[in-house]
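User: Could you walk me through how to read a structure like this one? I would like the general idea for each feature, then the case in hand.

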Amino acid sequence: MFPANFDYVCPASLAEAAQFLNQHSEDAKILAGGQSLIPLLKLRLAAPQFVVDLGRIAELKVIRETNGGFEIGSLVRHVDIERSHLLARGCPLLPETAAEVGDMQVRNRGTLGGSLAHADPAGDFPAAILALDAELTAASAIAQRTISAQDFFVGILTSALYPNEILTSIRVPKLGPRTGSAYVKMSQQASGFAIVGVAAILTFDEKGKVTEARVGITGVASVPYRAKKVEAALRGTAASAKEIAAAAALASKGVDALSDIHASAAYRRDVAAVFTRRSLEKAAQRAGRK
Ligand SMILES: Cc1cc2nc3c(=O)[nH]c(=O)nc-3n(C[C@H](O)[C@H](O)[C@H](O)COP(=O)(O)OP(=O)(O)OC[C@H]3O[C@@H](n4cnc5c(N)ncnc54)[C@H](O)[C@@H]3O)c2cc1C
């Protein structure tokens, strides 16, 4: 199927893009990697008057090391994250997550910013971004603001971005000593999207007790979430196999689980507990748990 007619706009700078969106926010759609937008246009689920391609804005394609972390431009592609030596050393959760997205063709075109702005409840990156407690920067012609990962995902295919805003970068912390991370998922076989995806980060003190636990879960509910009950159950423990299993059992407690042709709500809940346990086990091992 062909998309409805639209005007293609390709601004040369962020300021130009922001200015254009400010004037046409209700009639325009941003184009990044096109892996989600183009199917939407072809199915005529979206029919904007303008498609605004960010592809010429070089500053959005950079991964930078900052004081204590990394700043990743929204147009950085999944494949660039997967292969980044900088991130592999300081924030390996992101390359591990990127490697799980779709297939090579999707990873060659799709971008981190597009994935997050699209807010697919089965997308992989939201789990990692939540576990990392990332900060997202959004810019319009009028202002710039920072949105925490926990406030960013609002509903199915709905983020906290305003129609005139561009997601410009994502800031994540460098993982410290005695810290391990992991992303594991059960994927839907045809697309690779997560039926359940769990990102876990564990930090231990010198005596082997958990000082920090953060768990992001995607695929289970209409909005990806931090599993705070799991996190609280682990803090102060040694993260033994028994303690991890007990905490992981809380993965979907109090969450309204989705039910669709791929999995029932009850199945998603069961898988969430199993994959949370696996993700935490991996993270603990990688942290060098005593
Ligand atoms: C066959 C297939 C399999 C896939 N499998 C997976 C998978 O296993 N896991 C997974 O997580 N994803 C998967 N995806 C989705 C893929 O990761 C997309 O790359 C991603 O969802 C969208 O990124 P994009 O850069 O292509 O954005 P686009 O498609 O260009 O845009 C998506 C949406 O975000 C908006 N947008 C884009 N960039 C910005 C920005 N900087 N600021 C504000 N709004 C913006 C657009 O207007 C649009 O509404 C798959 C896609 C396909 C086609």
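Predicted model: local features only at pLDDT ≥ 70, side-chain atom pairs only at ≥ 80, totals over all residues.

User: What does the secondary structure of the chain come to?

Analyst: Helices (H or I, at least four residues) and strands (E, at least two) are DSSP runs, numbered from the N terminus. Here the chain has 12 helices and 14 strands. The radius of gyration, taken over C-alpha atoms, is compared with a globule rule of 2.2 Å times the number of residues to the power 0.38. The chain comes out at 19 Å, close to the 19 Å the rule gives for 290 residues, so it is as compact as a globular protein of that length. Its C-alpha trace spans about 60 × 45 × 30 Å along the principal axes.

User: How do I read burial and contacts?

Analyst: A residue is buried if 20 or more other C-beta atoms lie within 10 Å of its own, exposed if 12 or fewer, and partly exposed in between, with C-beta atoms placed from the backbone. Of the 290 residues in the chain, 47% are buried. Two residues are in contact if their C-beta atoms, placed from the backbone, lie within 7 Å. Among contacts with a separation of 6 or more, 66% join residues 24 or more positions apart.

User: In what order do the strands of the open sheet run?

Analyst: Strands of a sheet pair through backbone hydrogen bonds, either parallel or antiparallel. Two strands count as paired if DSSP finds at least two bridges between them. In this sheet, 5 strands follow the order 4-5-10-6-7, with antiparallel pairing. Strand 4 (63-66) and strand 7 (144-148) are the edges, each pairing on one side only. Strand 6 (residues 135-139) and strand 7 share 5 bridges, and alanine 138 stands opposite arginine 145 in strand 7. For angles, axes are lines fitted to C-alpha atoms, for helices over the stretch in contact, and values run from 0 to 180 degrees between N-to-C directions. Helix 1 (residues 14-24) lies across strand 6 and strand 10, at about 125 degrees to strand 10.

User: Which element gives the most to the shell around the ligand?

Analyst: A residue is near a molecule or strand if its C-beta atom, placed from the backbone, lies within 6 Å of it. The ligand is surrounded by 32 residues, and the closest are Gly33, Gly102, Gly110, Gly114 and Gly192. Helix 7 gives the most, with 5 residues.

Definitions and conventions: Residues numbered from 1 in each chain as written.
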